[in-house]
Amino acid sequence: MSVVKINVLTVPAEQREVLEKRFASRAGAVENSDGFEWFELLRPIEGTDDYLVYTRWRDEESFQAWMEGPMKSAHQGAPQAGGDRPKPAASGSTVWSFEVVQQAAPKNQA
């Protein structure tokens with residue numbers, strides 16, 4: 001069964017727009033990876049500064065291959081005009097890992 005990786009990013013209010021723009025500009029960066037199944041960026045509504053980055057993969061090996069290849073390259077960051085890499089928008093990050101043991105989709109409605 002599939003595996004789910006949830007990256008919990010603590011993002012101060014003043015950095016939210018920066019984070020969201022960075023994710024918008026990376027559109028397509030993960031979608032063509034072998035074993036990739038789903039992505040969602042979840043913005044907190046109230047009570048927390050934590051964004052959730054939800055990805056779903058065919059298996060752990062697919063996720064690890066992406067982590068060691070495309071993701072690693074993308075997160076090394078290109079230097080800005082002054083030669084510095086952009087500052088991270090998040091002040092903290094934790095990754096949660098899950099196996100999918102049950103799932104459901106909407107039933108077709110007539």
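At 18% relative accessibility, F36 counts as buried, a word used here for residues under 20% relative accessible area, with exposed meaning over 50% and partly exposed in between (1.4 Å probe, protein chains only). This is a predicted model, so to speak of local features a pLDDT of at least 70 is needed, side-chain atom pairs count only at pLDDT 80 or more, and totals for chains, interfaces and linings use all residues. Residues are numbered from 1 along each chain as its sequence is written, and side-chain values use heavy atoms, with hydrogens and water left out.

**The overall fold**

The protein has two helices and four strands, in the order β-α-β-β-α-β from the N terminus. Helices (H or I, at least four residues) and strands (E, at least two) are DSSP runs, numbered from the N terminus. Of the 110 residues, 25% count as buried.

**Aromatic pairs**

Let's look at the rings. The structure holds five aromatic pairs. Rings of Phe, Tyr and Trp (its six-membered ring) pair if their centres lie within 6.5 Å; planes under 30 degrees apart count as stacked, over 60 as edge-to-face and the rest as tilted. F23 and F39 are stacked, because their ring centres are 6.0 Å apart and their planes lie at 20°. This pair links distant parts of the chain, with F23 in helix α1 (residues 16-25) and F39 in strand β2 (residues 36-42), 16 residues apart. F23 is buried at 18% relative accessible area, whereas F39 is partly exposed at 23%.

F36 and W57 form an edge-to-face pair, 5.5 Å centre to centre with 75° between the planes. Here F36 in strand β2 and W57 in strand β3 (residues 50-57) are 21 residues apart. W57 is buried, at 0% relative accessibility. Ring pairs also link F36, W57, F63 and W66 into a cluster.

S2, in the segment before β1 (3-10), is buried with a relative accessible area of 8%. K5, in strand β1, is buried too, at 7%. Both take part in polar contacts, as tabulated below. A polar contact is a pair of N or O atoms within 3.5 Å; within protein, one must be able to donate a hydrogen and the other to accept it, and residues adjacent in sequence count only if both atoms are side-chain atoms.

| Side chain | Partner side chain | Polar contact |
|---|---|---|
| S2 | E37 | 2.7 Å |
| S2 | R56 | 3.5 Å |
| K5 | E60 | 2.9 Å |
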